[in-house]
Every structure is written in structure tokens, then in C-alpha cells.
Amino acid sequence: MHTASQILENEFLEVRAKLLEVAATLDRVDRSAAESAPLDAGAQSSRDRIDAAIQILLDEGSGRAERLQRFFSREYEKDWRREMEI
Amino acid sequence: MDYIDPHIHMVSRTTDDYATLARMGCVAMSEPAFWAGFDRGSADGFRDYFRQLTEVEPKRAAQFGIQHFTWLCINAKEAENVSLSRDVIAMIPEFIHCKNVLGIGEIGLNKNTKNEATVFLEHLDLAVKFEQQILIHTPHLEDKYQGTRMILDMLCDDSRIDRTRVLVDHVEEHTVDEVLGRGFWAGMTLYPVTKCTPARAVDMIERFGGEKLLANSAGDWGPSKPTAVPDLIFEMRRRGHPESLIRKVVYENPIEFFSQSPNFSFTPRDNGFNPAS
Ligand SMILES: [Zn+2]
């Protein structure tokens, strides 16, 4: 198994490229908003969720992938069977 | 390395794909019944589909030395139509004893609706009645967490269900723990865009140790990669995992899970299995 340093070295360029993709996409959105119309309510909510997701990546502690997944998920209601009458 | 793809939709793939999979080491596959990309108009549409799954695909696969197994159901998307679903469920017993049928699947939820849940429960009754194994589809994206929890509730509330004979597919970081923790088998689907990459799947193997975990390509008519399992094998090797662990996930685990079905008559390649025999 590789050490933490080896993993980071191996993945660094890949992570860098993925971050650049995110940065360029956000730039594209801003550029278009400046040239045409600002984001509508639905799109703004998606934009806000991206910011919140980036914040999760900056948090200390592991389980970031799982926390991101939960963040992008609809809530589970324990008594769904009673509510759906099933 | 010989491997088994436990979830792949070959009706929507070309013969060239069979050839490529064989060259990559695929020796067996299981094909759950699923959505065809359009809603079928009648139960007869499903009857023809089940003939394709039980008669046509095993022959196509055998030409390349691949053993083909299958699962029958009406998928979660078309399950929104409850009366059609009941017609299909009533017809499944005609095919359930075909020699490549491993069980009922892929049943599950899509948008987590009442109709989908109703049809899911009726499939469970069918599986119990015929003592069949079950293969489960969990929803994608924002519906996955809620839908997986709902499915686990329905399975765990039914004392007739033997959890070791149920495979819950398309698990990701936020659902795998719960599925394995409650005693089910879990399948990771390697799929571009909406599901899981080989790297993230290997992360889950590292976290959970490969016990009761399977990996599949779910190759179908949409954007998907039928050779995704070899990608996972390569990623595990790249990270320095032992061959024994790789073999467990991509070969021994599928055999252990499928062997609980009386129709899983798998012949390993080194026991003299010949293409097209
Ligand atoms: Zn599928």
C-alpha cells in the first residue's frame, strides 16, 4: 500500500486539473451572467449549493465524500410508510 | 484475470462488446431485467424481452466463452404503472425455471413513489413464494439516499427475507455502510457521470475490506463502459492491493453470492469450460 505522501504525489496533477475544471465552469457562468441575464432562482440555488459543497471540502476530518453525498441528497423520513399509507 | 460482471445489460450491447469482454477476462455475467429506454405498452412486450434474456443472450455470450445468467422483473421506472406491473409479475412464473435465471431483479425504486413501493413489495412476495434470490436497483443522484433507506426498511420489515440472498446494487459512499451493516450484499456500479468511478469504488473496498462487496459495469444503452470492471482491477493493482483481494471482489464474491441460486451452474475456465460448448 502507498504512503499518504505517495498518494498525494500520484494524484496531485489529477486533483489540480479537476479544480481547474470547477474554476473555469464558475468563470463561464459569471461571464455569461454579466453578458446576458443573472441566474434565475433555481440556478442560483444550484450555484449556492456548489459554494456550500466547496466549504465541505475545506472542513477538517475525513468522510468528505460521504458528507458531500448526503449534502446532495433528499432527506429520508423515517415514517414514510405511514405517510404513503403503504 | 478471470472476472464476473454481476450486473450488465447485454441486450443493449453489440456482439463486438462480447468479444472485447471475453478478451478482457470476463468469464460470466448476470443480466438483470431493466428499462429499455422507453415504456413498453403491454405485458407481451416483457414476454418477448424475457425470451431474449433466457434464450438469445446465453447463446450470444456462449460464442465467446462467457456464461450468461439473468434476473426477471418489471423495473422500477415502469413500475409506476401498477396494473401493467401486476400483469408482468403474473407472467414471470412462466420463465422462472429457465436454466439461466438466478432470481428476481433488478427491482427497487426510481423516484421513491408510492406506486414503485407497492410494486416492489409485490415482487418481494413473488421472490419469497418461489424461493428466489433478489437483486435490487437503488435510485440515482439526489434520490439515492432516501430510496435506499426506504428499500432497506421494506426488506428488513419482512421477516421472510433472507438478507444473505439479497444484493443491493449501485451503493455509494453514503449508502454502502447501511447496506452491509444490515447484512445484505452490496454492489458498486462503475459508471460515468451519475454513479461511481473505479477510484472511489476502490476507496470503498479499502474502507470495508471487500467482504460481501461486488463491482459491476451496469453497461447498458446509455453512457456506460462495459469494460469498467477491468478498470477497477487495474486501479487496485496500481494501488498495490494483493491479487487475492482483487480476485475475491471480481470473481469469488460473485460466485459465492450467485451460488445460493440453484440455477447457478458455473463452470470455471480451468475446469475445462469451452467456448460455445
Ligand atoms: Zn441495471
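Me: What counts as a salt bridge here, and how many are there over all chains?
Reply: A salt bridge is a side-chain nitrogen of Lys or Arg within 4 Å of a carboxyl oxygen of Asp or Glu. In this predicted model, a search of the whole structure finds 32 of them over all chains.

Me: What makes A:Arg74 and B:Asp143 a salt bridge?
Reply: Their closest N and O atoms are 2.4 Å apart. The cut-off is 4 Å, so the pair counts as a salt bridge. Side chains of opposite charge can pair when their charged atoms come close.

Me: Where do the two partners, A:Arg74 and B:Asp143, sit?
Reply: The pair crosses between chains. A:Arg74 lies in the loop between α3 (64-71) and α4 (80-84) of chain A, while B:Asp143 lies in the loop between β5 (133-137) and α5 (144-156) of chain B.

Me: What forms the nonpolar patch on the surface, and which helix gives the most to it?
Reply: A:Val22, A:Ile50, A:Ile54 and A:Leu58 form the patch, with about 310 Å² of accessible area together. Helix α2 (residues 41-58) of chain A gives the most, with three residues, and A:Leu58 is placed in that helix.

Note on methods:
Residues numbered from 1 in each chain as written. Chains lettered and ligands numbered in written order. Predicted model: local features only at pLDDT ≥ 70, side-chain atom pairs only at ≥ 80, totals over all residues. Heavy atoms only, no water. Patch = residues over 30% accessible without salt bridge, like charges linked within 9 Å, V, L, I, M, F, W, Y side chains within 5 Å. Areas by Shrake-Rupley, 256 points an atom, 1.4 Å probe, with all protein chains shown as cover. Helix = DSSP H or I, 4+ residues; strand = E, 2+ residues; numbered from the N terminus.
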